[in-house]
Amino acid sequence: MIIDTLQNLEQYISVNPLFALVADFLKENDLNTLEPGKHAIKGDDVFVNIQVAKGKKPEEAVMETHRVMTDIQIPISAEETYGYIPACLLPDVEYNEQKDITKFPGVKAQSYVTCQKGMFAIFFPQDGHAPCISEEAEIKKAIFKVKG
């Protein structure tokens, strides 16, 4: 997991070269004006989902992991908190290959991190994360999905 400000995103391109496409997309597009839904960047390798999600309390947020894609999550309308636990500590449950997601209802986070507007969180396949924790009723966010 990586937490940082958007101005530093390019420093992480060495972690995954496809992050360069995310950085370029952010330079060329205003996340505030994008409509909710999926926006293609490079086929199935890099895309962004703009989502308006219900803000949840920590105990309502559901832990999840992905096996194929790395998430770069960016809060747009309000700060967002994420629960975190290493995936190696999660129970063995069914993986949804079509959606590249495993959900772990009832699993509590070991720790929490909060991203303000202007920040991002990167969750790799080894990172269990519980998104959408917010005191706001709804939060608009961008979830970049990057292969690898």
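Residues are numbered from 1 along each chain as its sequence is written, and side-chain values use heavy atoms, with hydrogens and water left out. In this predicted model, local features need pLDDT of at least 70 and side-chain atom pairs count only at pLDDT 80 or more, while totals for chains, interfaces and linings use all residues.

**View 1. Lys 27 and Glu 10 form a salt bridge.** A salt bridge is a side-chain nitrogen of Lys or Arg within 4 Å of a carboxyl oxygen of Asp or Glu. Here the closest N and O atoms are 2.4 Å apart. Lys 27 sits in helix H1 (residues 19-28), and Glu 10 in the loop between strand S1 (2-5) and H1. Helices (H or I, at least four residues) and strands (E, at least two) are DSSP runs, numbered from the N terminus. Lys 27 is exposed, at 59% relative accessibility. Glu 10 is partly exposed, at 39%. Buried means under 20% relative accessible area, exposed over 50%, partly exposed in between (1.4 Å probe, protein chains only).

**View 2. Asp 45 pairs with Lys 147 in a salt bridge.** Their closest N and O atoms lie 3.8 Å apart. The partners are 102 residues apart: Asp 45 is in the loop between strands S2 (37-42) and S3 (46-54), Lys 147 in strand S11 (138-147). Asp 45 is partly exposed, at 24%. Lys 147 is partly exposed too, at 42%.

**View 3. Lys 141 meets Glu 80 in a salt bridge.** The N to O distance is 2.6 Å. Lys 141 lies in strand S11 and Glu 80 in strand S6 (residues 80-86), so the pair ties together parts 61 residues apart in sequence. Both residues, Lys 141 and Glu 80, are buried.
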